[in-house]
Amino acid sequence: MNVDSYDLVIVGAGPAGLRAAQVATCEGVRVAVIDDNPRPGGQIWRQGPQHPPGDALQKWLVDTASRANFTLVSGAKVVAALDGRRLLLEQGDAPAVIGYTQLILATGARERMLPFDGWTLPGVTGAGGLQALIKGGMPVEGERIVIAGSGPLLLAAAASAKQCGADVLEVVEQAPRARVLRFGASLAATPAKLAQALALAASLGPSRYRTGSVVVKAHGRGRVEAVTIRSAAGERIVEADRVACGFGLVPNVTLAQALGCEIDAPGAIRVDGGQRTSVEGVLAAGECTGVGGMELARAEGALAAYAALGIGDGRVAAAHRERARWRRFAARLADAFQLGEAACARPSPETLMCRCEDVSVGAVAAYTNWRDAKLHTRCGMGPCQGRICGAAAAACFGWDIAAPRPPFAPVRIATLIAAADAAQETGVADNTNFDRSRGTL
């Protein structure tokens, strides 16, 4: 198998990855960006039938994507990290191996979904998931929607739904009112964020934003028809056609763990001042190093590219100042929307914890750690490899969740065979430990 090699490979085409690519291509090095979506932009700049590229993304497409030293590998999953500074990919149905001199991880974050009674009913999604579905063309006109969970993403999802004709009945925020108001006041330090928040709040209407509340049950026969919302005042039922719940974001560190990068206690990739990880030649930027928003991600993406290329001029100092500013915003954000006891409360034992393998909360609760729960119940061993239930178990049980083993996503057996063949062709030991006789890793 041919191995395409680049001076710099960037995994992730969100704001951090695109900013890193912009810096690096201007310096003349060969750059490749790998992303599992069909179009660049990530969740923030996601494109769709009714969502053409915004100004920032359009400028990047003109200035960076058109350069001869740039390659965009879209619709590609990173399956495993191979020895010899190579990554195994699957693009469509075809395997591929890509080599790098320097690697920047801009893998972003995943939405945290926490189980509640009825959360597996059709019509229940994540808040960010709802936004992605709408941008992808899913019709919601006339639907009654309740959006719940925690963080500013709830308001962004509500705005997307209202723009497409939905009736957003309520945005249910688990954080108490005092913390939300304190965070709102702190936005005076970032005028652009303040203006954005005011616009989102105005589009929703203050009476529909409920703090100190959580969704505890979805009701319906065959599909969600109503939800129970709990607050200090008690419980009430709201009829709805769709429910979207997201409890913040979890850094996506799967590839970083496979490469051997150190992970901080909050579950983010540990980086130094230049965005370098603990592994030589591997850097990281954006929400995989800690959730802080688009502006922070772009500053980190620039710094990662500067460090990878050995640049040390005035642009680096300016990016450091920008990063420091948005890290302060990220700290205020984390403090305001930290999950409380009500959000992390365990649902009834019959509620599914692992939707892939049909494992209940009660079955998981019989064990004292994630490893034992996986071994005895298969929780976390389905197609999502614990991305959903692992984050839920961490919140509900306080467990440390082990990194998934490669392959990181369901792939064709031919792709795994290609990994072994690539190792033999190059004479490099393959750390995926692929066993051709069994078809397993």
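Tutor: We shall take some terms one by one and set each value against its definition. This is a predicted model, in which local features need pLDDT of at least 70, side-chain atom pairs count only at pLDDT 80 or more, and totals for chains, interfaces and linings use all residues. Residues are numbered from 1 along each chain as its sequence is written, and side-chain values use heavy atoms, with hydrogens and water left out.

Student: Why does Asn2 count as exposed?

Tutor: Buried means under 20% relative accessible area, exposed over 50%, and partly exposed in between, with a 1.4 Å probe and protein chains only. Asn2 has 71% relative accessibility, so it counts as exposed. Asn2 lies in the segment before β1 (3-11).

Student: Why do Trp326 and Phe329 count as buried?

Tutor: Trp326 has 4% relative accessibility and therefore counts as buried. Phe329, at 5%, counts as buried because of that value.

Student: What makes the rings of Phe183 and Phe329 a tilted pair?

Tutor: A pair of aromatic rings is described by the distance of the centres and the angle of the planes. Rings of Phe, Tyr and Trp (its six-membered ring) pair if their centres lie within 6.5 Å; planes under 30 degrees apart count as stacked, over 60 as edge-to-face and the rest as tilted. By this rule there are five aromatic pairs. For Phe183 and Phe329 the centres are 6.0 Å apart and the planes stand at 50°, so the pair is tilted. The pair links distant parts of the chain, since Phe183 is in helix α5 (residues 177-186) and Phe329 in helix α9 (residues 314-336), 146 residues apart. Phe183 and Phe329 are buried.

Student: What makes Trp326 and Phe329 an edge-to-face pair?

Tutor: Their centres are 5.6 Å apart and their planes are 80° apart, and the pair is edge-to-face. Trp326 and Phe329 are three residues apart in helix α9, which means that about one helical turn separates them. Ring pairs link Phe183, Trp326, Phe329 and Phe337 into a cluster.

Student: How do you know that the charged end of Arg355 sits over the ring of Trp119?

Tutor: A charge sits over a ring if NZ of Lys or CZ of Arg is within 6 Å of the ring centre and within 35 degrees of the ring normal. The charged end of Arg355 is 4.6 Å from the centre of the Trp119 ring, and sits over that ring.

Student: How do you know that strands β9 and β10 pair?

Tutor: Helices (H or I, at least four residues) and strands (E, at least two) are DSSP runs, numbered from the N terminus. Two strands pair if DSSP finds at least two bridges between them. Six bridges join β9 (residues 144-150) to β10, and these strands run parallel. In one of the bridges, Gly149 has Glu173 of β10 as its partner. Strand β10 (residues 167-173) is mostly covered, with five of its seven residues buried.

Student: How do you know that β10 also pairs with β11?

Tutor: Two bridges join β10 to β11 (residues 209-210), and the strands run parallel. Val171 has Tyr209 of β11 as its bridge partner.

Student: What makes β12 and β14 edge strands?

Tutor: An open sheet of three strands has the order β12-β13-β14, with antiparallel pairing. Strands β12 (213-219) and β14 (234-239) each pair on one side only, and are the edge strands.
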